[in-house]
Amino acid sequence: MSALIEFQDVSKIYEMGESVVRAADRISMKIQKGEFVAIVGQSGSGKSTCMNIIGCLDVPTNGTYLLDGRDVGSLDKNQLAEIHNKMLGFIFQQYNLLPRLTLLENVEVPMMYAGVPKNDRRERAKVALEMVGLGSKINHRPAQLSGGQQQRVSIARALVGEPAVILADEPTGALDSHTGREVLSLLQQLHAAGNTVVLITHDNSIAVQAQRIIRLEDGRVIYDGDARTADAVVSSSLAGLGGGQ
Amino acid sequence: MKLTEAFQLAVKNIKGNRMRTFLTMLGIIIGIAAVIVIVGLGNGMEKYMRDQFADMGTNTVAVNIMGRGSSRSVSETQMYALVAENSEYFDQISPTVSFSGTVKIATESPSSTAVTGVSEAYFDMKGYTVSSGRGLQYVDMEKRRTVCVVGSYLNSTYYGGNAVGQTIRLNGKSFLIVGVMAQETDGEMEEGGTDDCVFLPYSTAARMSYTGKINSYTLTVVDETQAAACVSIVEDYLYDIFSDDDAYRVISMAQMLDAMNAMINVMIGILAGIAAISLVVGGIGIMNIMLVSVTERTREIGIRKALGAKERYIMQQFVMEAATTSALGGVLGITVGYGLSSVATIIVTALMQENLTVSPSIGAVLGAFGISTCIGIVFGYLPAKKAARLNPIDALHYD
């Protein structure tokens with residue numbers, strides 16, 4: 001069985017005037033269906049580039065990215081839009097809910113673009129919001145909620161389309177530690193329910209909540225393995241500053 | 001995503017920015033209202049002209065003979081013969097001799113009464129009727145009788161409604177009033193109006209005039225659409241006599257009405273064109289605000305793209321928003337235009353003392369709505385394109 005996400009010598013090179021930045025330097029990795037992986041690294045390590053490529057928001061300069069066996073580099077704009085819609089569920093650090101829409105409408109957006117009939121998607125959005133514990137607030141607007149609640153809405157929005165990969169970019173970055181833990185446990189529940197979750201973070205204490213850690217430094221993979229070994233935390237000279245458990 | 005959903009989304013965004021949307025639409029509102037009022041004014045003027053000409057009879061051809069020295073002239077017999085020969089074109093003829101001189105009724109001298117010498121056929125040609133007494137007769141012409149028919153205004157103002165049998169003095173000569181014309185104007189009669197008139201036999205009028213000649217004729221045509229052909233028949237005939245086309249003038253009322261209407265239409269077209277410039281300005285206003293809106297909503301666009309919106313949907317959303325804004329502006333403009341039309345009708349009627357109704361046509365209203373919607377689509381396209389092309393990574397990190 002082929003991997004759900006597969007990087008084959010993926011590089012991303014930015015040329016800024018004279019200097020050349022290798023944001024990703026020949027990264028190869030595989031993520032299987034049902035895994036909970038944390039991609040961890042300091043600022044500038046290339047984790048955001050990785051996340052953009054995995055999320056099909058960006059394309060590699062060199063190398064191949066296969067998502068569910070398909071070469072993303074060969075797809076046109078409309079096919080990419082469909083991949084965003086059907087294969088990927090994004091959870092952002094800043095929640096990125098649409099402020100004018102109600103929670104229910106926010107969760108409906110991906111299904112609207114997928115062409116799900118109105119009544120059907122309303123029903124599914126309700127179920128998703130109930131699942132994250134916000135069933136009583138479906139007609140509120142995002143601004144009426146706390147940060148943790150907004151992040152739960154964005155999780156509901158990410159999972160409602162039943163995507164192949166849930167991609168969480170620093171999901172706890174804007175939250176206090178208590179609500180951050182809640183959000184993490186929600187991600188763990190999703191994983192337990194069989195979803196593939198990819199978590200991008202700079203924080204070791206967050207990363208170790210995952211099943212597997214891929215640690216990046218200067219655009220390269222320096223560790224790829226079980227999250228519960230000591231190596232996962234100390235393999236980088238700077239990693240210790242993030243604090244283990 | 002369906003169009004109705006894009007429309008609902010547009011309405012939602014418009015509602016969220018009421019003041020801004022209203023200011024954006026203002027250009028369109030003013031432009032559409034101006035076009036509606038101007039077109040309405042044009043329609044009113046055209047109708048007014050048509051009514052005026054209808055009074056004069058659009059089936060008439062007026063012939064004026066200035067002559068060429070004293071050597072050549074055309075007699076009434078020749079003119080009557082011309083009409084008789086071309087009976088497939090012409091119906092009737094009457095000489096019209098305008099009389100300039102004093103009018104005296106007892107001790108009073110009305111100054112604006114129109115006195116005209118005409119034939120016995122004239123009333124029939126003009127559609128006038130006699131309300132009491134009799135009309136002019138052939139024998140009055142033949143004998144050059146000093147009889148006349150007076151208009152309803154004179155009858156009621158000077159004779160207390162009993163003019164028949166009384167006299168009127170024209171240039172010192174006493175005329176017996178044999179008939180009173182039925183009232184022609186709707187509503188109140190005025191001094192100098194159609195009903196302030198005296199008709200006497202043309203032969204009598206010609207004799208009383210300085211030259212003693214008959215210089216104008218009124219002809220009625222069988223078919224108004226043949227007016228141009230009728231005019232050239234008379235012109236050709238007169239040219240054969242005078243060999244000089246400055247010696248006479250032949251005017252068909254139908255042609256004149258057409259010419260006047262064409263003039264009004266050109267004028268209205270130019271005015272509407274100027275008003276339409278404000279529509280273009282309004283469109284640019286919409287484009288400007290949509291560009292601002294795209295910038296403001298860069299993040300929203302990024303989110304939507306990350307959630308799977310195709311470029312086409314993003315475009316659709318912004319074009320729909322621009323079109324909805326300008327169509328709404330169009331509807332408001334039409335409403336304002338109708339309101340202003342009523343006001344303009346009151347003002348014009350008061351100023352000109354004439355019945356002129358400013359009435360926008362349904363065509364103009366539909367056209368205005370269509371144009372305003374198209375403006376939204378055209379001027380919304382560029383900002384929408386810009387929105388659709390945004391790179392989702394940049395858009396997501398935009399603050």
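## Two helices side by side in chain B

Let's start inside chain B of this predicted model. Helix 9 (residues 253–296) and helix 12 (residues 362–389) of chain B have axes that come within 9 Å and cross at roughly 30°. Angles under 35 degrees count as roughly parallel, and helix 9 of chain B and helix 12 of chain B are therefore roughly parallel to each other. Their crossing is right-handed.

Which residues make the contact? From helix 9 of chain B come Leu279(B), Gly282(B), Gly283(B), Ile284(B), Ile286(B), Met287(B), Met290(B), Leu291(B) and Val294(B). Helix 12 of chain B brings Ile371(B), Ile375(B), Gly376(B), Val378(B), Phe379(B), Gly380(B), Leu382(B), Pro383(B), Lys386(B) and Ala387(B). Sorted by class, the residues of this contact are 14 nonpolar, four polar and one charged.

Now look at helix 2 of chain B, which covers residues 18–56. How far does this helix of 39 residues reach from its first C-alpha to its last? The span is 55 Å, close to the 57 Å expected at 1.5 Å a residue.

Follow helix 2 of chain B along and you will find a bend of about 40° at Met25(B). After the helix comes Gly57(B), with a positive phi near 95°.

## Helix 2 meets helix 12 in chain B

Helix 12 of chain B also packs with helix 2 of chain B, at an angle of about 155° and with the axes 10 Å apart. Because angles over 145 degrees count as roughly antiparallel, helix 2 of chain B is roughly antiparallel to helix 12 of chain B. The crossing of these two helices is right-handed.

On the helix 2 side of the contact you can find Ile28(B), Ile32(B), Val35(B), Ile36(B) and Val39(B). They meet Ala364(B), Val365(B), Ala368(B), Ser372(B) and Ile375(B) in helix 12 of chain B. By class, this contact has nine nonpolar residues, one polar residue and no charged ones.

## A helix pair in chain A

Over in chain A, the axes of helix 3 and helix 5 (residues 147–160) come within 8 Å and cross at roughly 25°. That angle makes helix 3 of chain A roughly parallel to helix 5 of chain A, and their crossing is right-handed.

Helix 3 of chain A contributes Leu103(A), Asn106(A), Val107(A), Val109(A), Pro110(A) and Met111(A), which meet Val153(A), Ala156(A), Arg157(A) and Val160(A) in helix 5 of chain A. The residues of this contact divide into eight nonpolar, one polar and one charged.

## Where the chains touch

How many residues of each chain are in contact with the other? There are 18 from chain A and 18 from chain B. On the chain A side, helix 2 (77–86) and helix 3 (103–114) each supply at least two residues. Helix 2 of chain A gives the most to this side, with six residues.

What classes do the residues on the chain A side fall into? Nine are nonpolar, five are polar and four are charged.

Notes
Residues numbered from 1 in each chain as written. Chains lettered and ligands numbered in written order. Predicted model: local features only at pLDDT ≥ 70, side-chain atom pairs only at ≥ 80, totals over all residues. Contact = placed C-beta atoms within 7 Å. Helix = DSSP H or I, 4+ residues; strand = E, 2+ residues; numbered from the N terminus. Nonpolar A, V, L, I, M, F, W, Y, C, P; charged D, E, K, R; others polar. Expected span 1.5 Å × (residues − 1). Bend = angle between axes of the 7 residues up to and from the residue. Axes fitted to C-alpha atoms, helices over the stretch in contact; angles between N-to-C directions. Parallel < 35°, antiparallel > 145°, perpendicular 65-115°, else oblique. Left-handed = near helix turned anticlockwise from the far one by under 90°.
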